[in-house]
Amino acid sequence: MIVDDRMITYIRSLEGPENPVIEKIEQEAIDTHVPIIRKETQSFLKVILMMKQPSRILEIGTAIGFSAILMSEYLPEDGHITTIEKYEKRIPIARENFRRAGKEGQITLMEGDALEVMRTLTGPYDFIFMDAAKGQYIHYLPEALRLLSDGGVMMSDNVLQDGDVIESRFAVERRNRTIHSRMREYLYELKHNAKLQTSILPLGDGVALSVKKSI
Ligand code: SAH
Ligand code: MG
């Protein structure tokens with residue numbers, strides 16, 4: 001938890017319903033313990049999409065397609081989302097969910113390791129949603145920068161890891177230490193890379209919002 005629980009409950013209580021298919025897929029994800037974008041992060045994402053109005057979106061980390069379907073609701077008719085997932089059990093569920101939501105034509109699922117798939121893409125994308133393996137963001141960054149258009153926006157999710165990124169390395173399990181130190185490296189890079197303007201927000205599980213400068 002990054003922010004007071006009561007504050008989160010209050011903010012969430014203000015959210016209205018999404019369309020029924022989206023709500024159903026969200027509930028199925030929660031019931032089957034699939035980690036999807038949190039409610040308060042969803043509404044931030046929607047606002048950013050309405051401001052930026054991207055027509056080409058790249059998502060790293062599909063899971064069962066929830067966030068891709070949510071984003072597709074804010075795309076223009078001719079807009080397109082490319083989303084990458086490597087976990088074989090989730091891929092058919094995501095495909096079925098795209099079909100249920102009637103979004104097969106607007107969303108392309110690419111199967112495989114995010115970094116390998118990103119290397120095959122040409123872009124440019126005007127919005128990137130970074131949401132795959134948290135310890136890998138730092139390795140995805142050069143490809144994400146190459147694929148992002150000038151003025152393009154990148155939103156990275158789960159960057160504060162429930163607050164654990166700032167815990168002493170002795171307080172966290174060994175396997176998480178590497179993830180946290182790589183995440184700190186990633187956030188440092190987002191803040192210091194000359195091509196990026198970034199704001200880090202303690203929203204949901206931590207969000208970094210970056211814009212690629214046209215220099
Ligand atoms: N964006 C989704 C949630 C994604 S969860 C939503 O909010 O609805 C993160 C996903 O990234 C997991 O399904 C995991 O299997 C996938 N992932 C992790 N490492 C990956 C990699 N190296 N390449 C592709 N996908 C990866
Ligand atoms: Mg996430």
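What follows is a walk through the structure, from its metal site to its helices, strands and loops.

This is a predicted model, in which local features need pLDDT of at least 70, side-chain atom pairs count only at pLDDT 80 or more, and totals for chains, interfaces and linings use all residues. Residues are numbered from 1 along each chain as its sequence is written, chains are lettered from A and ligands numbered from 1 in the order in which they are written, and side-chain values use heavy atoms, leaving out hydrogens and water.

Let us begin at the magnesium ion (ligand 2). Its protein donors are D131 (OD), D157 (OD) and N158 (OD1), lying 2.2 Å from the ion. Donors here are N, O and S atoms within 2.8 Å of the metal (3.2 Å for Na, K and Ca), and because water is not among the atoms, sites may look incomplete. Along the chain, the donors of this magnesium ion follow the spacing D-x25-D-N. D157 and N158 are both buried, a word that stands for under 20% relative accessible area, while exposed stands for over 50% and partly exposed for what lies in between (1.4 Å probe, protein chains only).

D157 also belongs to strand β5 (residues 148-157), which is joined to β7 by five bridges, the two running antiparallel. Strands (E, at least two residues) and helices (H or I, at least four) are DSSP runs numbered from the N terminus, and two strands pair if DSSP finds at least two bridges between them. One place to look is M154, whose bridge partner in β7 is S210. Strand β6 (residues 196-201) pairs with β7 too, in the antiparallel sense and over six bridges; here S199 stands opposite L209 of β7. β6 and β7 form a hairpin with five residues between them, and G204 in the turn has a positive phi of about 60 degrees. How enclosed is β7 (residues 207-212)? Five of its six residues are buried, so the strand is largely enclosed by the rest of the structure.

Now turn to two helices. The axes of α7 (residues 137-147) and α8 (residues 174-192) come within 8 Å and cross at roughly 30 degrees. Axes are lines fitted to C-alpha atoms, for helices over the stretch in contact, with angles running from 0 to 180 degrees between N-to-C directions. The crossing makes α7 roughly parallel to α8, since angles under 35 degrees count as roughly parallel, over 145 as roughly antiparallel, 65 to 115 as roughly perpendicular and the rest as oblique. In the contact (heavy atoms within 4.5 Å), α7 supplies Y137, I138, H139 and L141, and α8 supplies R182, M183, E185, Y186, E189 and L190.

The loops hold some backbone features worth a look. Most residues other than glycine have a negative phi, and most peptide bonds are trans. Leaving aside neighbours within four places in sequence, V34 is in contact with A29, A63, I64 and R90. A63 lies in the loop between β1 (56-60) and α4 (66-72), has a positive phi near 55 degrees, and counts as buried at 11% relative accessibility. Finally, the peptide bond from G123 to P124 is cis, with omega near -10 degrees; P124 lies in the loop between α6 (114-120) and β4 (125-130).
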